[in-house]
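Here is a short tour of a protein and DNA model, written to be read with the viewer open.

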2 protein chains.
Amino acid sequence: MLITIDPQAKTALFEQVTAAIRTAVVTGDLEPGERLPAARELATSLEVNMHTVLRAYRTLRTEGLIQVRPGRGTVVSAQHSRDYQPLRRALAELVREGDRVGLSRDGLADLVRHAPGATA
Amino acid sequence: MLITIDPQAKTALFEQVTAAIRTAVVTGDLEPGERLPAARELATSLEVNMHTVLRAYRTLRTEGLIQVRPGRGTVVSAQHSRDYQPLRRALAELVREGDRVGLSRDGLADLVRHAPGATA
DNA sequence: CAGATTGTTCTAGTTGCACTAGAACATTAG
DNA sequence: CTAATGTTCTAGTGCAACTAGAACAATCTG
């Protein structure tokens, strides 16, 4: 798995880690059951504090994307072997439309974050 | 125009204001040429500092959604009388898919924020 | 021109969160 | 038992958001 983060970016470090893994799961780069690097290990390779990685893991666990257990490590949830294809298509479509009308990624993201619906 | 913000929310105040107006423009609740409340005025009604509102206006101006000039006030850009229909459809579709696989709004928003594409 | 309105800019202080750091602990695998 | 891994706790640092007040510039109206 390839994760790169930018310490200079405006987005928080833990959010970058979270987003990278989430994207990998949605795109299928990370398969269900696949094991993620140990927190300390990933932290070292990213030159980041362990707590930052753990926060990312915690966030993803809350979302149900990964399963985390002391001593055993962290793996991609099997229940999430869902079909992400429609989601990916919708995502691509939204990004395309956003570009067309000139909205930035942040603007688009904001639009999604505050969008009405089931999860609200 | 109706804007409400939640001081207790985790999202920044200026971002809430920004998102509310952006959404209003995209949904057509705010029409091109329509005038926004004066910064001081809106700040008072939202019980927020003027600078917070001004930051939201500045952000939206950068996105090209509104036009801002001293003495004249703030209006929705006419150039942005674009067709937002496809964008709205894509947005609704993404939210629907996100709910289906159990992704939160924040998770979805993150996915969009870090999505590849033209604007990158 | 004079005055009112509105956005711009500047300074300054407070608060909360992200991040870092180190350590002790619980759980699991071998 | 030992090693590996996530959990929890304490603590300190830095930065961004927010607030507050004031002076300034541009525009419109009378």
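Against which elements do the buried residues of α4(A) pack? Before the answer, some housekeeping. This is a predicted model, in which local features need pLDDT of at least 70, side-chain atom pairs count only at pLDDT 80 or more, and totals for chains, interfaces and linings use all residues. Residues are numbered from 1 along each chain as its sequence is written, while chains are lettered from A and ligands numbered from 1 in the order in which they are written.

**Helix α4 of chain A**

The buried residues of α4(A) pack against α1 and α5 (105–113) of chain A, and against α4 (85–101) and α5 (105–113) of chain B. Helices (H or I, at least four residues) and strands (E, at least two) are DSSP runs, numbered from the N terminus. The buried set in α4(A) is A:Leu87, A:Ala90, A:Leu91, A:Leu94, A:Val95, A:Glu97 and A:Gly98; buried means that 20 or more other C-beta atoms, placed from the backbone, lie within 10 Å of the residue's own. Seen down the helix axis, these residues fall within an arc of 165°, so they line one face of α4(A). The arc is that of the directions from the helix axis to the C-beta atoms. An α-helix has 3.6 residues a turn, so residues three or four places apart point the same way. After α4(A) comes A:Gly102, with a positive phi near 85°.

Near DNA strand C, α3(B) gives the most, with three residues. That surface has eleven nonpolar, seven polar and four charged residues, and the one near DNA strand D has eleven nonpolar, seven polar and five charged. Here Ala, Val, Leu, Ile, Met, Phe, Trp, Tyr, Cys and Pro count as nonpolar, Asp, Glu, Lys and Arg as charged, and the others, Gly among them, as polar.

**How the chains are related**

Chain B superposes on chain A by a rotation of 180° with 0.0 Å of shift along its axis (RMSD 0.0 Å). That is the relation of a two-fold axis. In chain B, the C-alpha of B:Ala109 is nearest the axis, 2.2 Å from it. The superposition is by least squares on the C-alpha atoms of residues with pLDDT of at least 70 in both copies.

Conventions. Buried ≥ 20, exposed ≤ 12 C-beta atoms within 10 Å, placed from the backbone. Contact = placed C-beta atoms within 7 Å.
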